[in-house]
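Here is a short briefing on one protein chain. Look at the sequence and the model first, then read the points below.

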Amino acid sequence: MKSFEKEALLFLLRHLLAGIAGAVVLGSGILWFDIARLATLIGNSEYGVVAVVMLYASLMLTFGSLAMGIGIMTMNEDNRP
């Protein structure tokens, strides 16, 4: 793998991890503060684990993709190392 390919992958990975961290914070906040009684609904459901996994997975996918897109769109060719 060439050095610029490694740089690009690390750049995307950093942004992906930042988006995932934001998703975990948001998902935890939604459940902790029981927004729209979502935590109560999940707690009373027999499929609560599936619901929590789906909540976090969808938020991670959305926020990770958004963070990578923002990273790519805000790149400036003049400031490349």
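The chain carries 5 positive and 6 negative side chains, and the centres of the two sets are 6 Å apart. Lys and Arg count as positive and Asp and Glu as negative, while His and the chain ends are not counted. Each charge is placed at NZ of Lys, CZ of Arg, CG of Asp or CD of Glu.

This is a predicted model, in which local features need pLDDT of at least 70, side-chain atom pairs count only at pLDDT 80 or more, and totals for chains, interfaces and linings use all residues. Residues are numbered from 1 along each chain as its sequence is written, and side-chain values use heavy atoms, with hydrogens and water left out.

**Overall form**
- The chain has 3 helices and 0 strands, where helices (H or I, at least four residues) and strands (E, at least two) are DSSP runs numbered from the N terminus.
- Along the sequence the pattern reads α-α-α.
- The C-alpha atoms fill a box of roughly 55 × 25 × 15 Å along the principal axes.

**Core**
- The largest nonpolar core has 6 residues: A23, L31, I42, L55, Y56 and L59.
- Such a core is a set of buried Ala, Val, Leu, Ile, Met, Phe, Trp, Tyr and Cys residues joined through side-chain atoms within 4.5 Å.
- α3 gives the most to this core, with 3 residues.

**Burial and contacts**
- Buried residues (under 20% relative accessible area, 1.4 Å probe, protein chains only) make up 19% of the 81 residues.
- Leaving aside residues up to four places away in sequence, L55 touches G27 and L31, with contact meaning heavy atoms within 4.5 Å.

Terms used. Buried means under 20% relative accessible area, exposed over 50%, partly exposed in between (1.4 Å probe, protein chains only).
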